[in-house]
Amino acid sequence: MIFLARIIDFIASTLSRISKRSAVHIGAALLLAVAMPHSLLAQDTDGENSTVIYPAEYFSQWAPITAKDMLDRIPGQDNSSPRGGGGGIPGGGNPSSGGRGLGGGNSGGNEVLINGKRTAGKNNQTSDLLARISADQVKEFQIIRGTSGDLDVRGSGQVVNVVLFEELASSSISYEANVRRAQDGEYVPGGAASIGGQSGNFNYLLSASSRPNYNNAINKENSRLGDYSINDRVIEERTRDAINNELSMNLGYDFGSNSSFRVNALYAVQDSPTDLDRFTTNLRVQPNTLTTEREYLPADRDNWEIGGDYEFRRENGNRFKLLGIANQDNRDAGRERFLLDSNAAEEKNLFLDTTSVTEEQIVRGSYTMDVFNGQDIEFGVERAQTTLDSSLALGLLIDGGITSESTGGLTPQTVSNANSTVEEVRYEPFIIHNWVINSKMSLESTLIYETSEISQSGDVSNTRDFNFVKPKIDFRYNLTPALQLRGGVEKIVNQLSFADFVAVNDEEDNESATLAGNASLRQQWQWRYTFNSEYRLPNDAGVLTAELFYAQHEDVIDRLDVTTDETNLRSANGNIGDGVEYGLNLNASIRMGMINMPNLLVTTGLNLQDSEVTDPFLGIERRFQNFQRGRFTLTFRHDIPKLRMNWGMQYFDRIDGGMFRYDVDDIVFNVGEPRVNLFSEIRDSRGITYRLDFGALTNGAQCRRRSRFVGRISANILEEIEQRCTITGREFSFKVNGTF
């Protein structure tokens, strides 16, 4: 009850301090729930099944092109809105950033399955396939709110199962062509194509895409000295000309009614060179002087992944499943800085080159069996081996220094922990018990034992062993067919980011070239408690959800002082102690039938959260590093079937006021303006869709205040205050897609 009392106190104190804009957000989030006619607040009682089915005919009035178009029309399934109240594994599919392995079935968010199966891939994920699956291949969507041993994922808040037709008359080809305009007037084209279908027991989906990620941003910074006198003004223009080319395939073959095999593969190449022009005006002298710098930041990446899984189902319903994944991610990034004189002659004064190769191999086997009526057990083991080879070269302009071509013709500098190999071998035996207690209640219990060895060689040699027992309980109660209550307790062990072990480029501070690594990191872990409620309005009118969460964190990872030379203060990510996190999520997705507009789907979400940890530099209680106090989202989609068109809006805004990053010699505070996007789609009689997107219609500036100190921040000797804002400007894109 302590954590519940703490959450109630947190909500009350937050509401008492809330800004006017945030109060409007909260009102909008709650208005949809309280302003509806009472006739809508009673669910049809046509059965006790917690699975909601949307057949293909449900979507026919909107004439969707892809499976994603269909999913976007289902209340509560709008995936465009960022969600708050994290706690999942950091790093996503990037193994070097902490997203290693498959997690033994521990999944905290919504999952998407195809014909009840999870894709044997991490970068080539099931959710991404929806945009490549033609709508005429979809038989139905199943929103699974219960738990079952028949599912390929466990412990998810909700599972979306996309059921495809068993037989297709022919293959289907989908295509997309697009062009986007950035704020500097640059037009960048892109496109994608895929072909999918089925022939007998063989099904396939082949895709190719070329997607630009061109970006032009203007940074404006004004700074004052410690006595608040003016210092300088910096204007930067950063232009990134990135493009990502990708090939992927998803193949499946059913050997019979009892066994099947699937293969998924992906290959991608990304080239993203960035040009930066920096103009610094010295305001301390009269007349003002101007310094001009240019930076070139090349970045190349190629990655591949291949995964396969085999399933055999016995006559009694028991099943064996074997899954394997291998991937590799190669990255090469550089930074060269040039000082321009009055005659535009350039002098290089910084060279930085970082390379990394990450490889991962995963094997997971499991066996699921019925034990009693309504109960089944899955047990198995997962093995994951991940290796990171990282190197960093730094060169500076030093008078009289010995230069080298390996550092761009500058003088090489010694960087601690610049060349390292980090390897982790991890085993996770697990057992999962599913119990459908009755038609209203279900219980899923998970027990995972994690044992791993992390070794580092190169500039630093270190080997450590880790062992964790990770239990989890997920209880669900269907109070009525419309109202479901869920509660869960889980021990989560966050995987370590290999990037924290080695020296890397400092992308946050132009005055610092590198960040130190820390070979002594331990995993951050937590006990997480959640309580969820979901109410489905009758007649498909919408979904209301609410979640309370509380987490006790151990060995929180944040910045730590690792200085060895007092003339050069250094920090790295390290374990700073224990902390807590708690908050509330409210979401509503409603068809506006109460105003006679059932084809207007409005989705809104409000996240309020807070955290607390002891700062290692000042000894004060503060929030976690860069921790958002909350976020508000509002989106709507209005379909007009008679005109074969739809349009909508997306509004994203975070609750500012407490997003800090404390370091050994500076403190950074971040705020941001809301972002508003608009879109409009129209479909002609041939089934071709034309879409216009307008992004960042508001100013959308993201700003930070950096306070620099003389020596450590604990000395409280202010040296400089920087006020910096980044504006990416309005974006416009035009897209054409269709199938044949």
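Trainee: Which strands each supply at least two residues of the nonpolar patch?

Mentor: The model is predicted, so local features need pLDDT of at least 70 and side-chain atom pairs count only at pLDDT 80 or more, whereas totals for chains, interfaces and linings use all residues. Residues are numbered from 1 along each chain as its sequence is written, and side-chain values use heavy atoms, with hydrogens and water left out. Strands are DSSP runs of E with at least two residues, helices are runs of H or I with at least four, and both are numbered from the N terminus. The elements that each give at least two residues to the patch are β11 (259-271) and β14 (299-313).

Trainee: What accessible area do the residues of this patch have together?

Mentor: A patch of this kind joins nonpolar side chains (Val, Leu, Ile, Met, Phe, Trp, Tyr) within 5 Å, from residues with over 30% relative accessible area and no salt bridge. A salt bridge is a side-chain nitrogen of Lys or Arg within 4 Å of a carboxyl oxygen of Asp or Glu. Areas come from the Shrake-Rupley method with a 1.4 Å probe. Together L247, Y267, V269, W304 and I306 have about 440 Å².

Trainee: Is I306 buried, partly exposed or exposed?

Mentor: I306 is found in strand β14. Buried means under 20% relative accessible area, exposed means over 50%, and partly exposed lies in between. The relative accessibility of I306 is 42%, so this residue counts as partly exposed.

Trainee: How many residues does the largest nonpolar core have?

Mentor: A nonpolar core is a set of buried Ala, Val, Leu, Ile, Met, Phe, Trp, Tyr and Cys residues joined through side-chain atoms within 4.5 Å. Among the residues with the most contacts inside the largest core are F59, I114 and F141. Two or more residues come from each of α3 (67-71), β2 (111-114), β3 (138-144) and β4 (159-164). The size of this largest core is 20 residues.

Trainee: Which residues does the disulfide join?

Mentor: A disulfide is a pair of cysteine sulfur atoms within 2.5 Å, and here the S to S distance is 2.0 Å. One partner lies in strand β36 (residues 702-709) and the other in strand β37 (residues 718-727), so the link ties together parts that are 22 residues apart in sequence. The link is right-handed, with 110 degrees about the S-S bond. The joined residues are C703 and C725.

Notes: Buried means under 20% relative accessible area, exposed over 50%, partly exposed in between (1.4 Å probe, protein chains only). Patches are made of residues with over 30% relative accessible area and no salt bridge: like charges are joined within 9 Å, nonpolar side chains (Val, Leu, Ile, Met, Phe, Trp, Tyr) within 5 Å.
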